Amino acid sequence: MNQWIKKTMLSLGVVTACLSISPAFATETIKVSVIDGYPDRALWVKEFTDFFIPEVDKRLAVTGNYKMEWRENYGGSIVKPKGVLEGIKLGLGDIGIVTTIFHSSKLPSQSLSAVTPFVAADARVVAKAIDEIAKEYPAMQNEFKKQGQVYLATGVVLDTYQMFGKEDVTSIKSLEGSKVAGAGTNLRYIEGIKDAAGVRGGLTDFYNMLQTGLVDYAMLWPEAAKTFKIAEVAPFMLNANLGAVNTKTVTVNESYWKKLPDEVKTVLQAVAVDYRDHIANIAMDRAAESLQAYVAAGGKIIEVSAEERAAWANAMPNLAAEWAANLDKRGEAGTEMLNAYIGKLKDAGFVGVRDWTVK
């Protein structure tokens, strides 16, 4: 009997020792593919690598239940800049950074900040307001759902659109009869300028479009002008402060999302909001520095008076009223969303040179 007890105790000791040096559970590794058509030097792409991914990893490490195995595919290796929405829908990537300005017909509600120019030149305020609208009204999330995707958060990577040109100008009147490169809804800003024509393009195209003379001007923002060396081909910037616009939305393939554990979903949703604020803060921090870099590279900045800005805004069609009416016809709360958005901007201290809620 004593011998049996000794053997049993010895066996239990071995088991206990093994348990003490072995993990209580195994960490599950989840593979995830991230896609964007823009190169990794683009602000939002770089910060996805430097901020979003490490932050997700750090938060998941707290419990140790899950670990992400990231595969990043940028710069056209999987999709072109305009192809991210379709790429995520088809499962070419699990997570994508969709440039929403290319998809105004499929994602009409994402144009809310674009149809309200000359109001807020602050990426932080616009990003927060649009993301709140997306979560207070179902339209934005429903649009992505139709594309087989789950909306995480919107992103604003520009402090304000400006006009960059090849020739010296003295005022907005100098833009009359010119060809202007833009993307999506912002091309309609040109409708307030006599005989000006908009030419559709993407950020990666603007340098060549200006260099070859396809266009006279391009609408982009100072940080992008610095990154893509626009001063070399467009050394004159008309400082019109057209406003900040949300152009990036982080989405997840819906089928992939359904398979994710709740813990991972919660972390991705939380980090997406922090990423939203992170890139908006960077955009604003770099705004002044980018203007200085533009001048240092040979650029000249021409100031636009408040009167000229107001005249330009009032010469435009009421883009916001058209936008709201179209959504209302679809059964969405377009007018309510517009009023709520303008209200959020006013609460943050931004009142536009034109009230877009007045038809």
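Guide: In this predicted model, the largest cavity has a lining of 15 residues, and those nearest its centre are Ile101, Tyr161, Ala183, Leu203 and Trp221. Sorted by class, the lining of the largest cavity comprises eight nonpolar residues, six polar ones and one charged one. The volume of the largest cavity is about 100 Å³. Counting cavities of 30 Å³ or more, the structure holds five.

The second largest cavity contains about 50 Å³ of space. Its lining consists of 14 residues, with Ser113, Thr116, Ala120, Gly243 and Ala244 closest to the centre. Two elements, strand E9 (236-243) and helix H12, each contribute at least two residues to the lining of this second largest cavity. The lining of the largest cavity, by comparison of the lists, does include one charged residue.

The open space comes next. The largest pocket has a volume of about 270 Å³. It is lined by 14 residues, and Ser111, Val115, Thr185, Trp323 and Asn326 lie nearest its centre. Helix H11 supplies five residues of this lining, the most of any contributor. By class, the pocket lining holds five nonpolar, five polar and four charged residues.

H11 and H12 have now both come up, H11 at the largest pocket and H12 at the second largest cavity, and the two helices also pack against each other. In general, a pair of packed helices is described by the angle between the axes and the distance between the axes. Here H11 spans residues 319-329 and H12 spans residues 334-347, the angle is about 140°, and the axes are 7 Å apart. An angle over 145 degrees would count as roughly antiparallel, so H11 and H12 are instead oblique to each other. On the H11 side, the contact is made by Ala320, Trp323, Ala324, Leu327 and Asp328. On the H12 side, Gly334, Thr335, Met337 and Leu338 take part. Six residues of this contact are nonpolar, two are polar and one is charged.

Conventions. Residues are numbered from 1 along each chain as its sequence is written. This is a predicted model: local features need pLDDT of at least 70, side-chain atom pairs count only at pLDDT 80 or more; totals for chains, interfaces and linings use all residues. Side-chain values use heavy atoms; hydrogens and water are left out. Axes are lines fitted to C-alpha atoms, for helices over the stretch in contact, and angles run from 0 to 180 degrees between N-to-C directions. Helices (H or I, at least four residues) and strands (E, at least two) are DSSP runs, numbered from the N terminus. Angles under 35 degrees count as roughly parallel, over 145 as roughly antiparallel, 65 to 115 as roughly perpendicular and the rest as oblique. Contact means heavy atoms within 4.5 Å. Ala, Val, Leu, Ile, Met, Phe, Trp, Tyr, Cys and Pro count as nonpolar, Asp, Glu, Lys and Arg as charged, and the others, Gly among them, as polar. On a 1 Å grid over the protein atoms alone, a cavity is a set of points where a 1.4 Å probe fits but cannot get out, and a pocket is an open set with protein on both sides within 12 Å along at least five of seven lines; lining residues have an atom within 4 Å of a point. Grid points are joined across faces, edges and corners, and a volume is the space filled by probe spheres set on the points.
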